[in-house]
Amino acid sequence: MRRWAALLACVLWAGVCLAAAPADEITASWQLVADHLGRDAYVKLDQLAGPPTREQAFAQAVVAIDYQPVTQERLHEAEAVFEQLARGDDEIAAASAYLQARMYQIHYQQQDYAKAVELFRALAERQPRSHWAQLGLVKTGLLLLYALPEPAKPADRIAAAEALLPRIGEKKLWRDLQLQLGRAGTFYEQPLDTVLPHLLAADRVGGLVGQVNADLLASIGELSLRAGHYAQARAYFERYLKEDTYNMRQMTVRRRLEDLAVLEAKAREVKP
Amino acid sequence: MNRRIRSRLGLALFFAGYALAVIWVFTRSTPILTDRPVVIRVAHWQIERGPPDGLNAIIRRYEELHPRVKVEQVLVPGGGPIFRQWLRSNLVGGTGVDLVEFGIWLDGMSDIPARYFAPITKEMLSPNPYNRGTPLEHVPWAQTFRDGLISQQVNAPVPGQFYAATLTEVSTRLFCNRALLREITGGETMPVTLADLRALAGKVREFAARTGRPIYTLAGSRDNAEWLAEFLMQGATMRMSQRNDRNGVLGHNNWDELEAYLDGRWSFRSPEVRAGLELMREIGTNMKPGFLQSQRDASAQEFLRGDALFIFAGTWDGTSLRGLATFPIEVLRYPQPTPDDPVIGKYLFGRFADGGGGTAMEIYLNKQSAHPKEAVDFLQFMSSMEGSQLFTDHSGWLPAIIGVRVPEAIKAYETPWDSFTFGMPYITIGSTIISQVALNMYQLDGPEGSVDKFIAAMEAVMPAAVRTDLRKEISNRLLSVRPQDVQIMALGALSRRRPEDPELPVSQERLESSQIQTEALLLQMNRKLAEAEPGK
């Protein structure tokens, strides 16, 4: 009896090991992809035995997107897998739906922005709180700002992208869209008082690092100066000097603070 | 000699040859078996005097610390066609070195970072482990560089991501032959302003005419002229850049200037650009005729022969010039124009930056490296306080890392923060434009050249050149954002599987954020290009 129990335990343990193996292999494959070793991940996934799980099928299609040389045929095959997986209602379904839209946005040689937006919107309807749906809304915002034929007027484009903001619950993604709304405002030379609120909103969320953060601070300072919001300009220029200590742009910011002092003095003279 | 002796002699000769080959293989060549299982190769083109010694010093120390790892330094003649072909063919063939020097300005190579280099952002945002026990112990690696790796971030395939660590800081300087200066002027007073330099150039011409010696104020070659042109053009156009600074970031990227050209915000006919070109032409008259036909080696020889009073060069040439010269050399900053300067005075924003704007000798990680962890580890040691000090002491080049002691002999290379920069000089904003400027430079210099001829030649090609360069920018950005989807998905999957790792969601969020910015840029460029298509 004891022998049978030991044998049963061994069989069960082997079963657990066998069941766990593909999952571990998939984790290892994801790690290879994260380490820029996509080719190794592709081979590893290809060698897994048995019928592929949803995650394995997903991982294989993801890796295929960047398997060199990338061919349109391989991309179409990947899209077919994403389309199939997107029919579920789990995380993999949302990620697959997002990637299917991305195929049309950037991966295919001939981009189809309208189709990409249609797929992003469908995902946002189905799984609105999913991270991939939220990210898809930000990408939709970018396409509305610059790529779709309609709306035609810059102000309308910005308004259409702004309308997506309430649907984006993830703070960092909300910040990124706010930043891009501000950048689109300067790109289309919109009134500075419509541009600045977006940049300020992005800054309030924070979390931007390096050059992007430094550019944002300098930009709010300079655009505030141009718009006549002197106190705000001073606050941001001073913050820039504190936070971006390595950049020779400090010299230009100091010069702009001198210019600002002159403007402030003039403004004081005008006031009764 | 009978047949038997002949065949024995042949056999003996064969065995002797074989024995010699065996001895050679086992005693002279690289060991067939190494006791160090990990081999990292680092390649660069700084084969001037200095850097190879600096890097060797770093390698010796690193190998002491890591007995498992062997580091090989690969020297490739550089910057030009040989390096470019060597790099591309090795990367395409999957035989690239682990770490390699690269410059975004390398002609026809702008797709390389996106295709072949891996970002090192995660490591850059954490302290460099080799700075333990130093004042930089708790400082994120990126912030230990004297410039916070500003240029590397701007030029990265994805803005905000880090792809390279740098080894040195460079500046441009005038190197003066003091003995010749004394011979010409009777003293050793160095020029401080551009007006002083003009006056001195007059004396040099007078001296050459009087003595019949072929002496020029500046040693001339295409390379030195281009460095000088970039410096002067950047200074001349600062006010124009400020005017065109749509985003208010107080600086320009090359794509900003390409877009601004399509918008009609500047051209080679803009008064600031014309002033810069006039300065360039004036400077050219102080170099030997036909200088555009020669390269930097020729100008260095001209200077070392005592045929030129100054050479305008990067500090990268400093160790070679000082090591080879038979006369005392003074290093000085290029004399700057004053507000009353007749050519450029009215456009002057301030002193032009002649260094201090960024660190260089950028070393990138090959995506296909078999030992990415060890390669990054070596990169960290190379740019630690200890590694950087070793490099500086043995190369005579400035360090890239904060707090590293600068030897007295090269203190003149340091640039105090007393000058301004608004970004790219307008003549180097894309590889097609760079080629066109080089191709048409003869229209500016020489007795037959003129500013008007150069402007006419450039304006004839600029609309097409700008579009070509903008298309390249778009295509390079597409190359960089596409693989990021795969990375983002991998980070998302790993986050789900390892919720205890706090780094994963942060890396994912940063990558998504920078991808959004790159895609926005890409779409802006596309829109600008579509709006500016001929006929619209």
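Domain bounds, as used here, come from an automatic or database domain assignment. On that basis chain B is divided into domain 1 (38-167 + 361-397) and domain 2 (171-240 + 267-355 + 420-429). The structure is a predicted model, in which local features need pLDDT of at least 70 and side-chain atom pairs count only at pLDDT 80 or more, while totals for chains, interfaces and linings use all residues. Residues are numbered from 1 along each chain as its sequence is written, and chains are lettered from A, with ligands numbered from 1, in the order in which they are written.

The C-alpha centres of domain 1 of chain B and domain 2 of chain B lie 31 Å apart. Across the boundary, 8 residues of domain 1 of chain B are in contact with 8 residues of domain 2 of chain B, two residues being in contact if their C-beta atoms, placed from the backbone, lie within 7 Å.

Among contacts in chain B between residues at least 6 apart in sequence, 76% join residues at least 24 apart. The C-alpha trace of chain B spans about 80 × 75 × 55 Å along its principal axes.

A separation of 77 Å lies between the C-alpha atoms of Gly10(B) and Asp196(B), which are 186 residues apart along the chain.
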